[in-house]
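Here is a short briefing on a single protein chain. Please look over the sequence and the model first.

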Amino acid sequence: VVVGLYLNQIASVDVKANTFLADFYLWFRWSGDIDPTQTFEMPNAIEPWSFSRDVVYKDAGGAAKADVLPDGCKFQQFHVQGRFAHPFDLTSYPLDRQQLSIRVEDARYDEETLVYQADDRDSKVDASMQTPGFLVRSSGAEVTRHSYGSPMGDTRLESLHSSQFRFRIELGRPLVGYLSKTLVPIGFILLSTVLIFFISLSYFEGRIGLAVTTLISAVALQLTTSADLPQIG
């Protein structure tokens with residue numbers, strides 16, 4: 001089964017909740033009796049009550065019906081909007097780069113029966129896509145083998161291995177903006193602290209007051225910088 005994805009938009013990235021909201025087109029191209037559009041799932045999708053998965057090709061009654069291509073292959077497309085889970089690695093914040101992924105695999109058939117193949121040529125990110133606070137660094141599609149540690153209760157199986165399609169997109173923060181927002185205020189705080197040594201000792205209370213003010217400013221800057229981050233060490 002050939003699988004491809006065209007990413008329209010990542011509307012929001014919620015670092016605190018470890019989620020992102022995506023809008024994309026997903027398509028399947030296949031031949032044979034098995035219809036992969038009936039049994040596929042997206043393992044990292046969350047909040048099913050707000051998830052939208054609209055089929056593109058339908059019959060006269062509005063039911064999903066795959067189109068047939070000139071080469072005899074069947075083709076179906078979905079317009080998907082939903083929220084997906086992603087564990088954000090913030091070790092290098094604010095210089096971090098995040099590898100977001102949208103994963104697709106079949107919920108019924110293992111890789112002995114159904115194997116995905118990535119549509120590398122047509123799987124892309126829309127050129128006009130903009131994600132607030134991030135820049136698109138790279139993207140790509142691949143197919144991996146997902147091995148489960150359990151046969152999920154199926155006594156006919158000793159192990160369970162599924163073919164999994166992954167669309168990856170690497171997001172990076174605009175360094176100039178983040179560094180200027182962090183380093184410039186720190187520079188002013190340090191400059192104000194250094195000025196203490198140029199104030200006469202006769203104004204001792206003023207020196208102490210300036211030191212306390214810079215300390216409070218540093219704490220406020222730290223709280224502002226970490227406001228968008230989850231409660232981590």
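This is a predicted model: local features need pLDDT of at least 70, side-chain atom pairs count only at pLDDT 80 or more; totals for chains, interfaces and linings use all residues.

Residues are numbered from 1 along each chain as its sequence is written, and side-chain values use heavy atoms, with hydrogens and water left out. The protein chain holds 2 helices and 12 strands. Helices (H or I, at least four residues) and strands (E, at least two) are DSSP runs, numbered from the N terminus.

**Overall form**

- Read from the N terminus, the order of elements is β-β-β-β-β-β-β-β-β-β-β-β-α-α.
- The radius of gyration of the protein chain is 26 Å, whereas a compact globule of 233 residues would have one near 17 Å. The radius is taken over C-alpha atoms, and the globule rule is 2.2 Å times the number of residues to the power 0.38.
- Along the principal axes, the C-alpha atoms fill a box of roughly 90 × 40 × 30 Å.
- Of the 233 residues, 33% count as buried. Buried means under 20% relative accessible area, exposed means over 50%, and partly exposed lies in between (1.4 Å probe, protein chains only).
- Take the contacts between residues at least 6 apart in sequence: 71% of them join residues at least 24 apart. Contact means heavy atoms within 4.5 Å.

**The helix pair**

- Helix H1 covers residues 175–195 and helix H2 covers residues 204–225; their axes come within 9 Å and cross at roughly 165 degrees. That makes H1 roughly antiparallel to H2.
- Roughly antiparallel means an angle over 145 degrees; under 35 is roughly parallel, 65 to 115 roughly perpendicular, and the rest oblique. Axes are lines fitted to C-alpha atoms, for helices over the stretch in contact, and angles run from 0 to 180 degrees between N-to-C directions.
- H1 passes H2 in a left-handed crossing. Left-handed means that the near helix is turned anticlockwise from the far one by less than a right angle; clockwise would be right-handed.
- On the H1 side, the contact is made by Lys-181, Thr-182, Pro-185, Ile-186, Ile-189, Ser-192, Thr-193 and Leu-195. H2 contributes Leu-210, Thr-214, Ser-217, Ala-218 and Leu-221.
- The contact residues divide into 7 nonpolar, 5 polar and 1 charged. Ala, Val, Leu, Ile, Met, Phe, Trp, Tyr, Cys and Pro count as nonpolar, Asp, Glu, Lys and Arg as charged, and the others, Gly among them, as polar.
- Ile-186 of helix H1 is partly exposed at 34% relative accessibility.

**Positive phi in loops**

- Asn-18 is not a glycine, yet its phi is positive, about 55 degrees. Asn-18 sits in the loop between strand E1 (2–14) and strand E2 (19–30). It is partly exposed, at 27% relative accessibility.
- Glu-47, also a residue other than glycine, has a positive phi near 50 degrees. Its loop runs between strand E4 (45–46) and strand E5 (52–55). Glu-47 is partly exposed, with a relative accessible area of 27%.

**A buried aspartate**

- Asp-106 belongs to strand E8 (residues 97–106). Its relative accessible area is 4%, so Asp-106 is buried.
- Beyond its neighbours within four places in sequence, Asp-106 contacts Pro-36, Thr-39, Phe-40, Leu-114, Tyr-116, Ser-162 and Ser-163.
- Asp-106 and Gln-81 are 25 residues apart in sequence, and 19 Å separates their C-alpha atoms.
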